[in-house]
Structure formats: structure tokens, C-alpha cells
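Trainee: I would like to learn how to read the features of a protein model, one after another. Could you take me through them slowly, giving the general idea before each case?

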Amino acid sequence: MHYFAYKGKRFCAESVPVEEIIAETGTPVYIYSEKTLKRHYKAFDKAFAKTPKLICYSVKANSNIAVLRTFASEGGGFDIVSAGELYRALKAGADPSKIVYSGVGKREDEIEYGLRSRILMFNVESPQELRAIDSIAARLRKKAGVAIRVNPNVDPKTHPYISTGLKKNKFGIEAEEALREYVHARAHLKNIDPIGVDCHIGSQITEISPFVDALAKTRELVLSLRGEGIAVKYLDMGGGLGINYDKEEPPHPTRYGEAVLEGTKGLGVTLIFEPGRAMVGNAGILVTRVLYTKKGSMKNFVIVDAGMNDLARPSLYGSYHAVKPVRDKGREEISVDVAGPICESGDFLAKDRLIPAVEPGEFLAVMSAGAYGFSMSSNYNTRPRAAEVMVSGKEFHVIRQRENLSDLLRGEQLVRQGRRKNR
Ligand code: LLP
């Protein structure tokens, strides 16, 4: 559910016609609906109303600080994977005691930043990382809250690039080894406080069963740890709940909630969730301008001013994003490729897609672009990254300026003669 819809012939974000926004910002522009963000957060919150829990929005899905602030003011915490994301979350007003730090490759300076910021816990992905955290914490005279990320060897039945809970994936530690690591930590790693168990099996998961299977494995580990006298307080279920892009029918948070509550019955832990896509995916659109239309002998092309540098998902995963005209002119539908300006054939937003015929100068809205849209955008082909806008009822605010040409060269410099040091 989201608040983007036609009012008459004009496509609107909440109560604001998209045309009014682009008249001010130009294109390409990402537009987010605050009401949708809040609605999604509340749906998740409600699904777990009866149990102690912490919703740690996964910053990587959409890391604009205005988006983060929206969730922080609802009482949410954050799942971060880098010093940069920690910096953003803190700038947005996050409570550090509600931050969990995930990721396979945390650097020493990043671990130190997390410890100094007093985050809740590190989700640890390897025995070496566990020892690194212990020694950094010892140097800082701190105790690090830790959960080991279990690799449950469960198939999430999603795109292979975003499946993370199989033995062949680089993520997590297998359950038997994890148990040994907890026991080792208790005996030898004095600056580790093993407070949780963590698991994240993948993204855009549209069935309940993989979550249930993973939960069965983590539940077993929590119980084995109890048997060893290690009473963890937190069970982090990760993220991964899918959304509707096309014809998928992902479970509603309420159904997901019922399954999770069933699987954690009597466990006496605080549940942590790390939803990303389910919070922001359908709360954002990317608006682009039609530059040219081209009729080939095999295909019709609509060339637009947003490319794979703005929205990488179609090129990277072959993902589907619905495309709608910003003004409904009642034209007949034709089959087109909606392609960007980047010099690669893989640069498309939609392929062989039926959309109403459009003309140069008109605008298209690429739907469900709020998750992994701007956050994965780049400057490829030396293109400035898009502006971002937050709509709230009848108002809209630019929450990120479009980059300009000088932004594109920031930090670069010409080699100065007579200063050749590294010969
Ligand atoms: N927690 C961890 C440890 C993660 O690695 C991720 C996502 C999440 C939570 C949030 O998952 P979500 O609820 O959003 O599914 N770029 C890809 C998705 C990559 C997901 C990476 N990890 C895409 O555009 O589909």
C-alpha cells in the first residue's frame, strides 16, 4: 500500500501533483511519501505489538537522513553496515542503544567508531571478527555487545545475488561452530558480551516458509546456549520481507508476525528486525523525463533522462518496476524499452513493456523505487546524482539537492609537476 495515485489525469504523491514537484526540482528526481513510510513502520510495529521488540530499519535500503529521521521519530532503531551508515544514523537523531551493526567486512576503525558510539551490538560474521572486536574493545576498555550471525543453510527462494543464508554464501557462521564460538568467547574473550543470536537469509522473500525454517535453527541455538548457561537476550531475525513490484504476493507483516511469534513462543527474548525494502520500497518513485522516442525495426525505444546510474536494479537483477505516465493522456499502450542515456545496452528501466505512448518532454514515474534506488546510484558516465524529495500531505521538501557539475569533481586534483614523491 502506498500514497501515489492519479487524481484525475495527474499523478500525485499524497496530495501533491508530481508535475508541481518537477517544475521546481527538474528530473531525474526521487520522490518519497512520508505517510507511506510511517504506515509501513506502524504495520510492522503492530504485527509485533504483543512482544518485546526493536525495529532496526536497514539503512542501506534508503539512507537519506530525512528518511532515517522519520523512522527514528517513530521510535525505531537502525541496522547499519558501515561507519558511513552509523554517521548518517547518528546525524538523523538515532538512539545508539537501538543500533545493530551487521556486515562481513567491518574494519578496525569502524568497530572502534561503533564501540565509542555505544551501539547495542555487533552482528558478528566470522571467528576472526569476533576476536578483532574483543581486542579493540579491550584497548578501549569497553565491553562489546555481540550476536553471532548464524548461516542456517536455508534457501530463501529469491534472486541468487540477494540470497545470503546458504552454506555457499559468504555470510554468517554455521550453527555448530557458532555455539563453539559463544563458549569460547565466554571463557576467553573478556570484552565480549554475548547478548544475542542473529540471522538474515536474504532479500525480497515472498514466502513465509524460509523465515520459519531459519527461525527453527536459531531457536535451537538459543536453547543450546541456555543449556551452556549463556542466556542471550536478543534474537535478531534480520530483514528480507518482500514487497509487491509486479505480480508477487508477499506476506503482509501481520502474517509474518504470526509465524514469527509462533516460532519464538516461550523463548523469552526481545526480537530484533532489520526490515529495509518493506519499509521504503513502495514509498518512493523515480521520475524521469522523456528525451526522445525511437522506432527501430525490431523495437520501440523511449529514451529517458534517468539511467542505470540512477536506478541500477533493472540492469543488475533484471528487476521489474512499473512505469506510469505522470499525466494520463488516455493514449493507447505500445510495447517499448524504456532506456537511459548511459552508453551500455544493459542500461534500461523497463524492457518490452506495454505503456501508454509518450512524447518527448513528457514525464514517467518509475514505481517502487524507494528501496535500493538512490542508495545504489552512482556517478557513472559522470552524471550528477538525482535530487530527492519528501512529500508530506500537501507539502514537499527537497531532502537532497541534485548534484552539480562541480560536485562531480570534488576531491579530484591534477598532478602538480615537481611533486613526484612515489617513484
Ligand atoms: N539485514 C541485513 C544483514 C542485510 O544484509 C539486509 C539487506 C537487510 C537487513 C535488509 O533486507 P531487506 O529487508 O531490505 O530485504 N540491492 C538489492 C537488495 C540487497 C539486500 C542486501 N541486504 C536489491 O535491490 O534488491
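Predicted model: local features only at pLDDT ≥ 70, side-chain atom pairs only at ≥ 80, totals over all residues.

Trainee: At what angle do helix α7 and α8 pack, and how far apart are their axes?

Mentor: Helix α7, which covers residues 175–188, packs against α8 at an angle of about 30°, and their axes are 11 Å apart. Because that angle falls under 35 degrees, α7 and α8 are roughly parallel to each other. Their crossing is right-handed, and the contact is formed by Ala-175, Ala-178, Leu-179 and Tyr-182 on the α7 side, with Leu-221, Ser-224 and Leu-225 on the α8 side. Sorted by class, this contact of α7 with α8 has 6 nonpolar residues, 1 polar residue and no charged ones.

Trainee: Which residues of α4 and α5 meet, and what is the handedness of the crossing where α4 passes α5?

Mentor: Helix α4 spans residues 83–91, and it packs with α5 at an angle of about 25°, with the two axes 9 Å apart. By the cut-off we started from, α4 and α5 are therefore roughly parallel to each other. Here α4 passes α5 in a left-handed crossing, where Ala-83, Leu-86, Tyr-87 and Leu-90 of α4 meet Glu-110, Tyr-113 and Gly-114 of α5. The residues of this contact of α4 with α5 are 5 nonpolar, 1 polar and 1 charged.

Trainee: At roughly what angle do the axes of helix α5 and helix α6 cross?

Mentor: The axes of α5 (residues 108–116) and α6 (residues 127–139) come within 10 Å and cross at roughly 55°. That angle makes α5 oblique to α6. In this pair α5 passes α6 in a right-handed crossing, and the contact is made by Glu-108, Ile-111, Glu-112 and Leu-115 from α5 together with Ile-133, Ile-136, Ala-137 and Arg-139 from α6. By class, the contact of α5 with α6 holds 5 nonpolar and 3 charged residues, with no polar ones.

Trainee: Which residues line the largest cavity?

Mentor: The lining of the largest cavity consists of Cys-199, His-200, Ile-201, Phe-211, Ala-214, Leu-215, Thr-218 and Met-237, and these divide into 6 nonpolar and 2 polar residues, with no charged ones.

Trainee: Now the backbone. Is the peptide bond from Thr-27 to Pro-28 cis or trans?

Mentor: The bond from Thr-27 to Pro-28 is cis, with omega near -10°, and Pro-28 lies in the loop between α1 (18–25) and β4 (29–33). Another backbone detail is found at Gln-204, which has a positive phi of about 50° although it is not a glycine; Gln-204 is placed in the loop between β11 (192–198) and α8 (209–227).

Trainee: Finally, how many residues apart in sequence are Lys-9 and Val-326?

Mentor: Lys-9 and Val-326 are 317 residues apart in sequence, but 8.3 Å apart in space from C-alpha to C-alpha. Lys-9 is located in the loop between β1 (4–7) and β2 (10–13), and, leaving aside residues up to four places away in sequence, Lys-9 touches Val-326, Arg-327 and Asp-328.

Terms used: Residues numbered from 1 in each chain as written. Heavy atoms only, no water. Axes fitted to C-alpha atoms, helices over the stretch in contact; angles between N-to-C directions. Helix = DSSP H or I, 4+ residues; strand = E, 2+ residues; numbered from the N terminus. Parallel < 35°, antiparallel > 145°, perpendicular 65-115°, else oblique. Left-handed = near helix turned anticlockwise from the far one by under 90°. Contact = heavy atoms within 4.5 Å. Nonpolar A, V, L, I, M, F, W, Y, C, P; charged D, E, K, R; others polar. 1 Å grid on protein atoms, 1.4 Å probe; cavity = no way out; pocket = protein on both sides within 12 Å on 5 of 7 lines; lining within 4 Å.
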